[in-house]
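Please load the structure and follow along.

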Amino acid sequence: MFLSKVPPFSRLQLLALICAGTLSACAVGPDFKQPEAPNTSSYTETTLSKKLTTAPGVPGGSEQEFIEGADIEAQWWELYKSPELDALIKKALVQNPNLGAADAALRSAQENVNAQIGGQYFPAVGLGGAATRQLQPSAIYGLPYGSDTYNLFNTSVNVTYKLDVFGGARRTVESARAQAEYQQFQLEGAYLSLTANIVTGAIREAALRAQMQATEEILKAQTNLAEVTEKQLKIGTVNKVDLTSQLTLVATSKVDLFTYERNLAFARNQLAVYTGELPSNANITKFDLSNLHLPAQLPLSVPSSLVRQRPDVRAAESMIKSTNALVGVATANLLPQFNITGAIGSAALTSANLFGPNAALWSIGGGIFQPLFQGGQLLAQRRGAIANYEQAVYQYQATVLKAFQEVADALRALETGAQALKAASEAEQFAYETLDLVQQQYKLGTASYLAVLYYQNLYQQAKVKSVAAQATRFSDTAALFAALGGGWWNRSGPAFKPKDMANKDQNETSGNN
């Protein structure tokens, strides 16, 4: 045989060459093909106006226009020009536990890639040694007398390698890399969700504070009118029903005020949790809508680029890549498996002679295994892998549809929200002027109490709706930035910098195993 004529150390070198050669062989199973972007040039059913309706003098009513094809800044929330908001997000990006968990999942997946490369691509090499003392009866050698007691020492280097003839190992590594990509985009998705939630949470906090302040002002006016009504009741110019009706209105406004206080506390507690703090220790800044600036320019990515920008779409694509590779793994399992083993070492009866010239030993061998019948297990596994791939494709399609829907929703919300804010601000102004006139007429006795009651309710509703419309303009802007992907591709540095864990040194081990 050819191998019998090759020196021992050259045999190990030959084994290494065979191992490297198999890596260039073909891999069974389908090769991954990146899904094509949807064939569309628009997000919405009808054409959008490039400039949105304005409401001068009102928070959130400044001019905005869409810039088609413009890129998105990585720190897009800085466009609101709020130092308090920037500080809150920076704190959250360091302390948020969900972001930290996503980063740890990514690092785990990356290490799994390294593990798969080491386990699939390279031979397993091990060093072994043993010392035994044993009794051997001479009869086993056909001798009629005695037995021998002796020591045996041996040491060897063993090599085992599975030839990747059909690419099962490469497909396994390919799947692991895709899983790491999936976790990378999961981290980016967590980063985007966290920053967008903090922005909208701060806007909600500011809106609730403004609505509560408006309700307090309305309650004060209602209380003053109730006092006037009570005085008029004493002199007989109104009846008891007028007073009780006004007091009912005062009590109702107090209920609304308590509701705003509760929701405001909930919003602040949520912001505290986003920053990784306990609500009692967070010391969250009080936000004000009048201190927020509406971004004047809104980037509008071309539809074909959306699938490359959205972290959830990229994650779904990575899942297709992973399941596609696993189809190749399942296919390779149906085909012959080739193995090569080798060993080189020494054996002697005494430790002093263990490394002597006459103690050397070596072995090299190869094997092949072709599955014939395993109860349909391998075929079922391959069919299951194909079904998992099809599932990933459908989930990708659903994710893409959702992405385009969210962008379309955000665009329409911005358009109608701008129009609604203008109408709401005008309604508030007219309601206030009308209420002021009617209250003056009522004090002079030229207007009925029912008219005052009616216009008080009208103004209260208009004021609260106006504040809500202002907050909606800010929130819809944040929703568009998030729906377009948030500009993570322009960020320098990682999404999360993990802190050193207390027990990290216990988990670190040396070596190349």
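## H7 against H8

H7 passes H8 in a left-handed crossing, a term used if the near helix is turned anticlockwise from the far one by less than a right angle, with clockwise being right-handed. Helices here are DSSP runs (H or I, at least four residues), numbered from the N terminus. This is a predicted model, in which local features need pLDDT of at least 70 and side-chain atom pairs count only at pLDDT 80 or more, while totals for chains, interfaces and linings use all residues. Residues are numbered from 1 along each chain as its sequence is written, and side-chain values use heavy atoms, with hydrogens and water left out.

Helix H7 covers residues 311-332, and the H7 and H8 axes lie 8 Å apart at an angle of about 170°. Axes are lines fitted to C-alpha atoms, for helices over the stretch in contact, and angles run from 0 to 180 degrees between N-to-C directions. H7 and H8 are therefore roughly antiparallel, the word for angles over 145 degrees. On the H7 side, the contact includes Asp312, Val313, Met319 and Ile320, and H8 brings residues including Gln381, Arg382, Tyr389 and Tyr396; contact means heavy atoms within 4.5 Å. By class, this contact of H7 with H8 has 15 nonpolar, six polar and three charged residues. Ala, Val, Leu, Ile, Met, Phe, Trp, Tyr, Cys and Pro count as nonpolar, Asp, Glu, Lys and Arg as charged, and the others, Gly among them, as polar.

## Two further helix pairs

How do H8 and H9 cross? Their axes come within 7 Å, at roughly 155°, so H8 and H9 are roughly antiparallel. The crossing of H8 and H9 is left-handed, and their contact holds 26 nonpolar, eight polar and six charged residues.

Helix H5 spans residues 240-274 and packs on H4 at about 160°, with the axes 8 Å apart. H4 and H5 are therefore roughly antiparallel to each other. H4 passes H5 in a left-handed crossing, and the residues of this contact are 19 nonpolar, 10 polar and 11 charged.

## The second largest pocket

Now for the open space: the second largest pocket has a volume of about 350 Å³. Of its 20 lining residues, Pro59, Glu428, Lys463, Val467 and Gln470 are the closest to the centre. Helices H4 (168-235), H8 (377-444) and H9 (449-483) are the elements that each give two or more residues to this lining. H4 gives the most, with six residues. The lining of this pocket has eight nonpolar, seven polar and five charged residues.

On a 1 Å grid over the protein atoms alone, a pocket is an open set of points with protein on both sides within 12 Å along at least five of seven lines, a cavity is a set where a 1.4 Å probe fits but cannot get out, and lining residues have an atom within 4 Å of a point.

Note on methods: Grid points are joined across faces, edges and corners, and a volume is the space filled by probe spheres set on the points. Angles under 35 degrees count as roughly parallel, over 145 as roughly antiparallel, 65 to 115 as roughly perpendicular and the rest as oblique.
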